[in-house]
Protein chains: 2
Amino acid sequence: MRNLCATVSYEGTEFNGFQSQPYGRTVQQEIEKAIQVLTGEDILILGSGRTDAGVHAQGQVFNFLTESTIPAERWAIALNTRLPKDIVILEVHEVSLSFHSRRSAKRKTYRYTIDMGKFPNVFERRYAFHHPMRLQVEAMQEGLKHLIGEHDFTSFTSIHSTKPHHIRIVYDAYFEKQGSMLHMYITGNGFLYNMVRVIMGTLLQVGQGKRQPADMKRILEGRSRALAGPTAMSHGLMLMNVEYPAEA
Amino acid sequence: MRNLCATVSYEGTEFNGFQSQPYGRTVQQEIEKAIQVLTGEDILILGSGRTDAGVHAQGQVFNFLTESTIPAERWAIALNTRLPKDIVILEVHEVSLSFHSRRSAKRKTYRYTIDMGKFPNVFERRYAFHHPMRLQVEAMQEGLKHLIGEHDFTSFTSIHSTKPHHIRIVYDAYFEKQGSMLHMYITGNGFLYNMVRVIMGTLLQVGQGKRQPADMKRILEGRSRALAGPTAMSHGLMLMNVEYPAEA
C-alpha cells in the first residue's frame, strides 16, 4: 500500500465544486473515475479542502492510498490521458502513510480577480469578476491590511460554517494590478467556508466608497456575518497553492 | 446614413469563424442579429477579413452603414447587452462614408501561441496549442526572420487561396516567451488564407530539428505549398489588431 500525493489544476466553470456531491459533476468524482479506469481500484481521494462550484484551482492537492505498482512519476501522464480537458494533474509523488492532504497542510494561497475594464475581457471572463465601476484600490488595500494576523473570522464566513471555531491566521494579503485586472492574493493557515469571497465582497464596498477601510477592523471585532458585505461571485476565485512542511 | 466602425474581441472556440456561413454559428451573424434587435435594421457588417473556425480576436474591426441616430459612443454598451458572452464590442466610432474596414486596412498583427509546458495550462487551453516536446526556440526565431520583408507567400498559404497574387509585406515578426507560453507575433500589410498557421506549422518543424532555419528562405523561394509544413491548429491563433491610416 502506497500513499500518493498529487497536485491538480482545474477550471471550475463546469463543476459543482471539488468534493463529491449527490448531484452534479465534481472534480473528485472525475479523478476517482480516471483512477478506476487506470488501476481498477475503487478508491476515495482526499482533497486539501473543498472548493465551491465555479471556483478554480492552479494547485489543489489531494492524496490517496493505492495498491498499484505504477511508478509515481508515471501517474500524471497516465491520469491526464483519462481525464476531461478541464482537469490537469501537474505532479504526483509518494508520501509517508501518515501524510493527510488536509490535516498536514500548513498554508494556502487564494487569488480573487476583478476585471476593472469598461467591458469584460472575453478571454478572462471565466476567471475574473467584471466590475466596470471605478474602485478606490488604495482604500481596498488599506482595508485588507486589517485582516492580516490571527483573528476570529466569524464575520467573514458563511453562517453555514460547521467549524468548531473561526480563528485563523492570515499571513499575507495584498492587491496587485495587471492591466485592467486587479488580483487579491491572500495566504493563511486555513480558510473558512466562503471566507475569501466574503472578504472580497466587503472590500468591493470599501472600493465603491460605501464603507471605510477601518470598517474591516470593526466588522472583524463584531463577530457577526451580518456586519460584512455580500459573498463575491465564485468564478473570480482561484486556489493558487497548498503548502506542506518538508517531510522528515 | 452614417458609417460606423467597431472594434470587437471574441473567443473563437464556439464559432465557425467570423464570416457568415450557411452552416454553424458565426461572429458576423451574431453581431448582425444584435444590431437587428437594437435598431430594427437588417444590415450586413463588413469585417477587415475573415478569421477561421476556432481563431480568436482581441481586436477585429468591422464597419456598417446605419440610419440609426444612436450616438456612436452608446453603441458598444447597447450591443454588448444583446450579444452572447463570447463576443465583446470594445469601441465604436463614426467614420467617413468612404471607409472600408478591409480595403482601408494598412497593417494587421496576429499572435500564435504555443504552450510548451509538460502538461497543458488548463486556463489557456482554448488559446494555446500544447506542444510538450522540447523546441529549439532560437532556431525558430532565426527561421522566422527570413519571412520579414516583401515576398511571394505562395508556399505559406492554402492551395485553396483565391487571391490574384500572393505578394505580401511582413513588417515585423518575432517570438516572445512568457513562462511556458511561446508567442509568435507577426505584423504585415495583409495575410493570405492560413498563412500564419502554415508559417507556424513549418517553424514547429524547425523547432523540432526536422528542418533548418535557412529552409524557410528556400521554401519561400520555391513558391509551392507542398514545400512547407502542416497547418498549425486554429485555436492557437489570435488576431491582435488591425491598423488604419489616421483619417484626414
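How many residues does helix α4 of chain B have, and what distance does the helix reach from its first C-alpha to its last? In this predicted model, helix α4 of chain B comprises 13 residues, numbered 195–207. From the first C-alpha to the last, helix α4(B) reaches 18 Å, close to the 18 Å expected at 1.5 Å a residue. The helix is mostly covered, with 13 of its 13 residues buried. Just after α4(B) comes G209(B), which takes a positive phi of about 85°.

The relation between the chains may be considered next. In general, two copies of a chain are related by a rotation about an axis and a shift along it. Of the interface residues of chain A, 100% are also interface residues in chain B, so the copies meet through the same surface.

One position in chain A carries an annotation from a record. The unreviewed UniProt entry gives the annotation "active site", and this covers D52(A). Where in chain A does D52(A) lie? D52(A) is found in the loop between β2 (46–47) and β3 (56–66) of chain A. Leaving aside residues up to four places away in sequence, D52(A) touches G17(A), Y193(A), N194(A) and R197(A).

The charged side chains form a further part of the picture. Over all chains, the count comes to 24 salt bridges. One of them joins the side chains of R25(A) and E30(A), at 3.1 Å from N to O. R25(A) is partly exposed, because its relative accessible area is 28%, whereas E30(A) is buried, with a relative accessible area of 13%.

In chain B, the side chains of R107(B) and E243(B) also meet in a salt bridge, at 3.3 Å from N to O. R107(B) belongs to strand β5 (residues 107–115) and E243(B) to strand β10 (residues 237–243) of chain B, so the pair ties together parts that are 136 residues apart in sequence. R107(B) counts as partly exposed at 31% relative accessibility, and E243(B) counts as partly exposed at 32%.

Another salt bridge in chain B brings together the side chains of R223(B) and D152(B), at 3.9 Å from N to O. This pair links distant parts of the chain, 71 residues apart: R223(B) is in the loop between α5 (215–222) and β10 of chain B, and D152(B) is in strand β7 (residues 149–152) of chain B.

The cysteines complete the account. The structure holds zero disulfides over all chains. C5(A) counts as buried, because its relative accessibility is 4% and buried means under 20%. C5(B) likewise counts as buried, at 4% relative accessibility.

Key. Residues are numbered from 1 along each chain as its sequence is written. Chains are lettered from A and ligands numbered from 1 in the order in which they are written. This is a predicted model: local features need pLDDT of at least 70, side-chain atom pairs count only at pLDDT 80 or more; totals for chains, interfaces and linings use all residues. Side-chain values use heavy atoms; hydrogens and water are left out. A disulfide is a pair of cysteine sulfur atoms within 2.5 Å. Buried means under 20% relative accessible area, exposed over 50%, partly exposed in between (1.4 Å probe, protein chains only). Contact means heavy atoms within 4.5 Å. UniProt positions are given in the numbering used here, feature names are shortened, and annotations may be inferred rather than shown by experiment. Helices (H or I, at least four residues) and strands (E, at least two) are DSSP runs, numbered from the N terminus. The expected span of a helix is 1.5 Å times one less than its number of residues. A salt bridge is a side-chain nitrogen of Lys or Arg within 4 Å of a carboxyl oxygen of Asp or Glu.
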